[in-house]
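Dear colleague,

Please find the structure below, handed over for your own use.

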Amino acid sequence: MKHSLHQIWTLVKKDILLEWRQQYAFFGILLYVVSTVFVINLMMGKPEEKTWNALFWVVQLFVSVNAIAKSFFQENRGRMLYFYSLVHPRHFIIAKLIYNLLLMSLMSLIVLLCCFIFLGNPLINFSYFFGVVILGGVSLSLVFTMLAAIAAQANQNAALMAIMGFPVIMPVLMLLGNVSRSAFTAVVQPGLPQMFVWLVGMDVLTIALALVLFPFLWSD
């Protein structure tokens, strides 16, 4: 158990160090976020609540694709072969899930801050929306980590990740959009607990699929 945790922590630390050394990638995504929200402000000003909510999750979607794809695509064939000889595939994918979860949680907070600065703050229940944003960042990171792992085995084809991700991510985005609406009104939304159960259930299913499928992809 200690050996497994040590391998996972070492891999997570490796990704963090790579991110620190390649800061241009992180700041490139940060520039993308700020410029996207700023352009929305120039075109729409401060939108109404439903539009604000929809725009927020659309920006989140594109940020997650750009932020998570590079975590696998920066690993070349030689490095993957090296890791194959050292660590268990499940330890490798768990480390990627943890790292991308941390990265997307940070990016989600940055997107939220940019939206507040440029698009205003129409929220009534900030703490509730903050929790949904973190949960949404976790959900998006899990789904796209699994898709990036699959796409990385197909000749590093980033387009494949976007193609596969569209039908998979739509139910998650619809759930997040519906769940987050309660932050804009004082009225309790009916069916809210069931939507949270569905969202958490999809996250658990994604983790289970990643742990089952990745060892087969790793062996290829």
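**The buried charge cluster**

D15 is buried, with a relative accessible area of 2% (buried means under 20% relative accessible area, exposed over 50% and partly exposed in between, with a 1.4 Å probe and protein chains only). This is a predicted model, in which local features need pLDDT of at least 70 and side-chain atom pairs count only at pLDDT 80 or more, while totals for chains, interfaces and linings use all residues. Residues are numbered from 1 along each chain as its sequence is written, and side-chain values use heavy atoms, with hydrogens and water left out.

D15 is found in helix α1 (helices are DSSP runs of H or I with at least four residues, strands are runs of E with at least two, and both are numbered from the N terminus). A search of the whole structure finds two salt bridges (a side-chain nitrogen of Lys or Arg within 4 Å of a carboxyl oxygen of Asp or Glu). In one of them, K14 pairs with D15, and the closest N and O atoms are 3.0 Å apart. K14 counts as buried, at 18% relative accessibility. K96 also forms a salt bridge with D15, with the closest N and O atoms 3.3 Å apart. Because K96 lies in helix α5 and D15 in helix α1, this pair ties together parts that are 81 residues apart in sequence. K96 is itself buried, with a relative accessible area of 1%.

**Helix α1 and the overall fold**

The protein chain has eight helices and zero strands. Buried residues make up 46% of its 220 residues.

Helix α1 spans residues 2–21 and has 20 residues; from its first C-alpha to its last it reaches 28 Å, close to the 28 Å expected at 1.5 Å a residue (the expected span is 1.5 Å times one less than the number of residues). Its buried residues are Q7, I8, L11, V12, K14, D15, L18 and E19. They cover an arc of only 150° around the axis, which puts them on the same side of α1 (the arc is that of the directions from the helix axis to the C-beta atoms). The face turned away from that buried side carries the exposed residues K2, H3, H6, W20 and R21.

**Helix α5 and the loop after it**

Helix α5 has 31 residues and reaches 43 Å from its first C-alpha to its last, close to the 45 Å expected at 1.5 Å a residue. Just after α5, G120 takes a positive phi of about 85°. N121 lies in the loop between α5 (89–119) and α6 (126–152), and counts as partly exposed at 47% relative accessibility. The side chain of N121 reaches the backbone nitrogen of L123 at 3.2 Å. N121 and P47 are 74 residues apart in sequence and 10.0 Å apart in space, C-alpha to C-alpha.

**A nonpolar patch**

F38, V39, L42, M43 and M44 make a nonpolar surface patch of about 530 Å². Patches are made of residues with over 30% relative accessible area and no salt bridge, with like charges joined within 9 Å and nonpolar side chains (Val, Leu, Ile, Met, Phe, Trp, Tyr) within 5 Å; accessible areas come from the Shrake-Rupley method with a 1.4 Å probe, and for residues only the protein chains shown count as cover. V39 is found in helix α2 (residues 23–44) and counts as partly exposed, at 40% relative accessibility.

With kind regards

Terms used. Polar contact = N/O pair within 3.5 Å; in protein donor to acceptor, adjacent residues only side chain to side chain.
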